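Thanks for coming. I will go through one structure today, starting with some rings and ending at a ligand.

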Amino acid sequence: MTNAIVRLAGVKKSYPLGELTVHALRGVDMTIQEGEFTVIMGPSGSGKSTLLNLLGCIDVATAGSVEICGEPTAQKTERELARLRRDNIGFIFQAFNLIPVLSVYENIEYALILKGMSEAERRGLIEKIIEQVGLTGHRDHRPNQLSGGQRQRVAIARALVTRPKIVLADEPTANLDSETGKSILQLMRTMNEIYRTTFIFATHDPDVLSFARRAIRIHDGKIDSDNAVASSTSPNARKKKALPTKRAHKPV
Ligand SMILES: Nc1ncnc2c1ncn2[C@@H]1O[C@H](COP(=O)(O)OP(=O)(O)OP(=O)(O)O)[C@@H](O)[C@H]1O
Ligand SMILES: [Mg+2]
């Protein structure tokens with residue numbers, strides 16, 4: 001049985017900009033089942049980050065409904081949204097949002113402290129994820145002592161360490177060399193297969209697309225196409241081979 005973990009209906013998002021209004025999302029319907037590995041692609045300015053911010057309960061829609069893990073978000077208070085995020089979502093931002101005064105280890109640890117985990121439990125998880133993202137020699141560095149790619153890996157480790165139900169990532173590989181990018185995507189793919197973590201990425205990177213099972217293309221704030229991907233990296237996908245595309249949305 002499948003469960004919808006994300007459900008959007010008629011979602012619009014507008015930003016006032018002086019005299020003007022920018023219509024960043026212009027009616028998005030989208031359902032994502034638990035355990036999917038989906039990329040959202042589209043040109044710069046098409047609304048990808050706006051969409052992820054709504055999924056991550058960082059922003060609220062101007063119109064339409066957003067349901068995350070079965071919970072409609074529209075009527076929730078800031079506090080309730082923060083709880084929904086903390087309990088279910090790992091977010092990897094385009095700007096990494098690391099805490100400058102904390103080390104790599106402490107930045108990752110912070111996510112676990114918020115969950116109320118004991119120090120002994122935290123230590124094992126943090127050491128493992130630091131190794132998995134290739135930062136073993138950098139655990140005591142502060143963000144300003146790291147390269148852009150290393151900072152991005154800290155942000156990824158922080159999002160994954162809590163084993164959230166949903167991981168949202170805005171250009172997760174933008175600052176990584178191709179080898180590191182692939183090994184991190186492989187780590188995410190393994191999490192996806194073992195824990196059924198749902199991954200939703202906004203990206204321009206064709207390497208990310210090759211790890212995905214579904215590609216949603218947006219253009220000018222609307223979904224253009226929504227297709228299954230025959231991923232070269234998934235044993236299951238190889239068996240299924242080029243899935244016939246199931247259009248969840250009418251072309252616009
Ligand atoms: N806070 C804001 N105020 C006004 N306009 C905004 C705001 N945030 C985004 N926009 C506008 O909304 C539209 C969609 O922006 P968004 O950041 O979602 O695009 P994107 O697809 O993520 O682009 P990129 O690939 O460049 O990251 C753009 O026209 C952008 O200028
Ligand atoms: Mg963006």
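**Rings, cores and a ligand**

Phe37, Phe199 and Phe201 are linked into a cluster by ring pairs. Before I go further, please keep in mind that this is a predicted model.

The search of the whole structure gives four aromatic pairs. In one of them, phenylalanine 37 and phenylalanine 199 are stacked, with 5.1 Å from centre to centre and 25° between the planes. Which parts of the chain does this pair tie together? Phenylalanine 37 is in strand β3 and phenylalanine 199 is in strand β8, so the pair joins parts that lie 162 residues apart in sequence.

Phenylalanine 199 also pairs with phenylalanine 201. Here the ring centres are 5.9 Å apart and the planes stand at 75°, so this pair is edge-to-face. For edge-to-face, the planes have to be over 60 degrees apart.

The cut-off for buried is under 20%.

Phenylalanine 37 has one further neighbour to mention. Arginine 189 lies over the face of this ring, 5.5 Å from the ring centre.

In soluble globular proteins, nonpolar side chains tend to be buried together. The largest nonpolar core here has 39 residues, and those touching the most other members are Ile92, Ile108, Ile156, Leu160, Met188, Phe199 and Phe201. Several elements each supply at least two residues of this core, among them β3 (37–41), α6 (178–195) and β8 (198–202). Which element gives the most? That is α5, with six residues.

Take leucine 160 as an example. Leaving out residues up to four places away in sequence, leucine 160 touches Ile129, Val167, Leu187, Met188, Met191 and Phe199. There is also a second, separate core of 27 residues, including Leu52, Leu84, Ile166 and Ile218.

Last, the ligand. Around ligand 1 there are 14 residues, of which Ser44, Gly45, Lys48, Ser49 and Thr50 come nearest. A polar backbone atom of glycine 45 is 2.8 Å from an oxygen atom of ligand 1. For glycine 47, a backbone N or O atom lies 3.0 Å from an oxygen atom of the ligand. Histidine 204 uses its side chain instead: a polar atom there lies 3.2 Å from an oxygen atom of ligand 1.

That is all I have.

Terms used
Residues are numbered from 1 along each chain as its sequence is written. Chains are lettered from A and ligands numbered from 1 in the order in which they are written. This is a predicted model: local features need pLDDT of at least 70, side-chain atom pairs count only at pLDDT 80 or more; totals for chains, interfaces and linings use all residues. Side-chain values use heavy atoms; hydrogens and water are left out. A nonpolar core is a set of buried Ala, Val, Leu, Ile, Met, Phe, Trp, Tyr and Cys residues joined through side-chain atoms within 4.5 Å. Buried means under 20% relative accessible area, exposed over 50%, partly exposed in between (1.4 Å probe, protein chains only). Helices (H or I, at least four residues) and strands (E, at least two) are DSSP runs, numbered from the N terminus. Contact means heavy atoms within 4.5 Å. Rings of Phe, Tyr and Trp (its six-membered ring) pair if their centres lie within 6.5 Å; planes under 30 degrees apart count as stacked, over 60 as edge-to-face and the rest as tilted. A charge sits over a ring if NZ of Lys or CZ of Arg is within 6 Å of the ring centre and within 35 degrees of the ring normal. A residue is near a molecule or strand if one of its heavy atoms lies within 4 Å of it. A polar contact is a pair of N or O atoms within 3.5 Å; within protein, one must be able to donate a hydrogen and the other to accept it, and residues adjacent in sequence count only if both atoms are side-chain atoms.
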